[in-house]
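Reader: I'd like a close look at one helix and its setting. Which part of the chain does it belong to, and what lies elsewhere? Please keep it brisk.

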Amino acid sequence: MTYGFVGTGTITAAMVEGLRASGDATPILLSPRSAATAARLAASLPGVSVAASNQAVVEGASTVILSIRPQVAEEVTRALRFRPGQTLVSLVAATDLGTLRDWTGLDAIRAVPLPFVAKCRGVTPVYPPEPQVLALFDRLGQAIPCRTAQDFDLLAVTSALMGSYFGILETAQIWAEAQGMAPQTARDYLAGLFASLGAEAQGTAPFARLREEFSTKGGLNEQMFRVFGEEGGTAALDAALTSVLTRVRGQ
Ligand SMILES: NC(=O)c1ccc[n+]([C@@H]2O[C@H](COP(=O)([O-])OP(=O)(O)OC[C@H]3O[C@@H](n4cnc5c(N)ncnc54)[C@H](OP(=O)(O)O)[C@@H]3O)[C@@H](O)[C@H]2O)c1
């Protein structure tokens with residue numbers, strides 16, 4: 001068993017670090033481009049080496065993980081020769097299983113690992129829910145098995161809320177600073193507040209109920225969400241989700 005990564009960028013580095021942090025000792029082969037990242041990982045982690053080419057990664061690995069950007073994916077992938085029966089995991093956004101089969105001749109498994117996999121705190125949608133690939137992403141946090149391609153696409157859309165999450169923190173910090181608050185005070189408070197809210201969101205309580213529990217009738221939280229909606233906040237979020245879904249579906 002060897003994992004081979006084609007593309008040694010942000011997500012590959014996070015997965016490789018997470019795999020070693022999880023105690024998974026499976027040998028790892030990296031593609032040579034992004035030489036600095038590949039060399040850093042190989043030098044700092046046991047069982048990680050840099051292959052001579054993308055094809056050498058495919059030949060040396062039992063499980064190949066495609067971790068390149070969509071813009072170059074077809075050119076890079078079509079140039080590779082895979083073995084029948086080889087496990088192929090694609091992290092490439094907006095590229096469906098039919099397209100991957102056309103490029104490689106293989107039935108791939110798609111996944112959306114996020115940077116938290118480096119600390120084994122990922123939540124990773126996997127489709128189809130192949131047991132060996134679910135086990136891989138469970139070691140990096142939690143795999144989320146998807147029953148349908150539609151479910152997988154919808155989770156990929158919601159994963160794109162990460163920038164907006166930090167954008168809300170940033171907007172609130174800038175607003176507080178404009179009222180005269182020291183930047184570090186605003187930052188410390190907002191980071192702690194949202195970390196505690198994230199912990200509350202774990203579990204099974206419906207989000208609508210949590211919103212009500214955290215909003216006193218006639219209080220400040222209720223007013224905040226009401227005005228946010230009245231000013232188009234929730235409609236804007238809805239429109240953004242729909243626009244990203246169009247892109248995720250490659251339309
Ligand atoms: N980052 C995220 O949070 C995230 C989340 C979900 C999904 N994804 C998906 O995961 C994939 C990887 O994302 P990423 O953030 O890791 O991207 P990234 O940091 O840009 O990494 C992509 C890597 O591919 C390399 N590359 C380019 N052409 C290549 C070639 N011909 N052969 C081998 N490697 C080549 C790049 O090298 P150079 O730097 O030398 O060009 C770079 O190291 C993308 O499809 C992305 O949509 C990412």
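Author: Start with α9: of its 19 residues, the number buried is 0, so the helix lies largely in the open. Buried means that 20 or more other C-beta atoms lie within 10 Å of a residue's own; exposed means 12 or fewer, and partly exposed is in between, with C-beta atoms placed from the backbone. Helices (H or I, at least four residues) and strands (E, at least two) are DSSP runs, numbered from the N terminus.

This is a predicted model, where local features need pLDDT of at least 70, side-chain atom pairs count only at pLDDT 80 or more, and totals for chains, interfaces and linings use all residues. Residue numbers run from 1 along each chain as its sequence is written.

Helix α9 covers residues 183–201. At 1.5 Å a residue it should span 27 Å, and its end C-alpha atoms are 27 Å apart, which agrees. The expected span is 1.5 Å times one less than the number of residues. After α9 comes glycine 203, with a positive phi near 105 degrees.

Glycine 180 follows α8, and its phi is positive, near 110 degrees.

Now the wider setting. The protein chain is divided into domain 1 (3–149) and domain 2 (162–248); these bounds come from an automatic or database domain assignment. The two domain centres, taken over C-alpha atoms, are separated by 33 Å. The chain holds 12 helices and 8 strands. Its C-alpha atoms fill a box of roughly 65 × 40 × 30 Å along the principal axes. Of the 251 residues, 28% are buried.

Where is the core? The largest nonpolar core has 49 residues, and those with the most contacts inside it are Leu30, Val57, Val64, Leu66, Ala111 and Val126. The largest share of this core, 6 residues, comes from α1. Such a core is a set of buried Ala, Val, Leu, Ile, Met, Phe, Trp, Tyr and Cys residues joined through C-beta atoms within 7 Å. Take valine 64: apart from neighbours within four places in sequence, its contacts are Gly4, Val6, Val57, Val58, Gln86 and Leu88. Contact means that two C-beta atoms, placed from the backbone, lie within 7 Å.

Threonine 87 sits in strand β5 (residues 87–90). Threonine 87 is buried, because 20 other C-beta atoms lie within 10 Å. Leaving out residues up to four places away in sequence, threonine 87 touches Ser62, Thr63 and Gln132.

Next, the ligand. Of the 23 residues around it, Gly7, Gly9, Ile11, Ser34 and Ala93 come nearest. A residue is near if its C-beta atom, placed from the backbone, lies within 6 Å of the molecule or strand in question. Helices α1 (10–21) and α4 (70–78) are the elements that give two or more residues to this shell.

Serine 34 lies in the loop between β2 (28–30) and α2 (35–44). Serine 34 has a positive phi of about 60 degrees although it is not a glycine. Serine 34 is partly exposed, with 18 other C-beta atoms within 10 Å.
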